[in-house]
Amino acid sequence: MWFNPLLSLSRAVVVLGSLWLPVQSHAVQADDPEAIIRALVRANAEMDFPTISHYIAHDADIVSYSIGGRKYVGWEQLAKDFKEEFALVQRLELPIRELNVWRKGDVAWFTMELDYIRHVRDSEPGRQEVLPLRESGVLERRQGRWQLLSWHESLRSLPGVHGASKPGHTNPRTKVVGTESPAVPDLSGQWEITEVEDDKHYRATLDRSGNGPYTQQGGRFVTTRFADRLWQGTWHQPGNDREGGFELLLSEDGKEAKGVWWYSRVGNHKNIPPREHGGTYLWKRLSPVLDAP
């Protein structure tokens with residue numbers, strides 16, 4: 001979920017700091033499920049594992065889903081991913097854009113939109129990975145204490161590309177990673193992709209934001225940034241349980257893109273240094289090029 005969305009992605013929510021509560025558990029209203037949700041988001045941003053553990057149920061049979069086809073059963077694998085993510089990043093930001101909470105007796109449920117912003121260790125200064133996320137989940141009050149049970153996470157449309165702003169919210173066209181990008185092109189359509197070293201060929205079907213499936217191991221591309229023809233994002237292949245990142249330079253006519261790809265995870269093997277293992281890409285657009293909005 002928002003607590004560890006892949007991670008690379010990973011492989012990205014700017015800041016509405018007034019929505020965050022102090023992370024210390026004593027500052028949280030124990031009988032307020034919304035306060036617990038906000039405390040969890042804050043604890044994730046502060047990489048405060050004890051607080052996260054305190055407010056998430058440890059039942060062995062609870063099932064939750066994250067982006068990229070990730071499935072968590074119980075607490076142990078989720079806890080492991082939290083710790084590995086915290087070891088990889090230098091800093092996290094998780095500003096909440098929208099949160100709605102409903103409650104009936106000892107059960108509460110919520111919907112939320114937030115951004116997951118990763119500042120990765122040993123990356124270029126100022127470089128960020130941003131995932132705009134949409135969340136839903138269920139909490140239960142047990143012996144007077146609310147705990148998060150199950151949750152589901154997905155990507156929403158990329159900020160800075162489309163979508164209307166709401167009163168009191170940051171204009172979604174203003175920033176993805178801290179700079180304005182009003183002329184992002186429409187990346188939608190069919191793309192033929194070649195992995196040059198292995199001479200692999202497959203096709204991607206992308207939306208205008210540069211997100212969509214491709215015909216290799218059930219894969220999916222997620223665009224995390226586009227600026228000055230530099231196209232960056234992540235890829236996920238549930239078919240062989242792998243994921244990583246990519247960086248392309250789009251041609252001036254928008255018909256081709258060239259660049260590199262790399263692994264961030266292969267099965268249970270994580271902490272792979274960015275750009276160390278991978279190859280080169282050649283993308284050719286098969287659909288007509290559309291003008292930027």
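A: Helix 3 has 13 residues, which at 1.5 Å a residue should span 18 Å; its end C-alpha atoms lie 19 Å apart, in agreement with that value. The expected span is 1.5 Å times one less than the number of residues. Helices (H or I, at least four residues) and strands (E, at least two) are DSSP runs, numbered from the N terminus.

The model is predicted, so local features need pLDDT of at least 70 and side-chain atom pairs count only at pLDDT 80 or more, while totals for chains, interfaces and linings use all residues. Residues are numbered from 1 along each chain as its sequence is written, and side-chain values use heavy atoms, with hydrogens and water left out.

Within helix 3, the buried residues are Leu 78, Ala 79, Asp 81, Phe 82, Glu 84, Glu 85 and Phe 86. Buried means under 20% relative accessible area, exposed over 50%, and partly exposed in between (1.4 Å probe, protein chains only). An α-helix has 3.6 residues a turn, so residues three or four places apart point the same way. The buried residues of helix 3 pack against helix 1, helix 2, strand 2, strand 3, strand 5 and strand 7.

Phe 82 also belongs to the largest nonpolar core, which has 33 residues; Ile 56, Trp 75, Phe 82, Met 112 and Leu 139 touch the most other members. Such a core is a set of buried Ala, Val, Leu, Ile, Met, Phe, Trp, Tyr and Cys residues joined through side-chain atoms within 4.5 Å. Among the elements that give two or more residues to this core are helix 1 (33-45), helix 2 (49-55) and helix 3 (76-88). Helix 1 gives the most, with 6 residues.

Trp 75 counts as buried, because its relative accessibility is 7%. Leaving aside neighbours within four places in sequence, Trp 75 is in contact (heavy atoms within 4.5 Å) with Phe 49, Ile 52, Ser 53, Ile 56, Ala 57, His 58, Asp 59 and Phe 82.

The whole structure holds 21 aromatic pairs. Rings of Phe, Tyr and Trp (its six-membered ring) pair if their centres lie within 6.5 Å; planes under 30 degrees apart count as stacked, over 60 as edge-to-face and the rest as tilted. Phe 49 and Trp 75 form a tilted pair, 5.9 Å centre to centre with 35° between the planes. Phe 49 lies in helix 2 and Trp 75 in the loop between strand 2 (71-73) and helix 3, so the pair ties together parts that are 26 residues apart in sequence.
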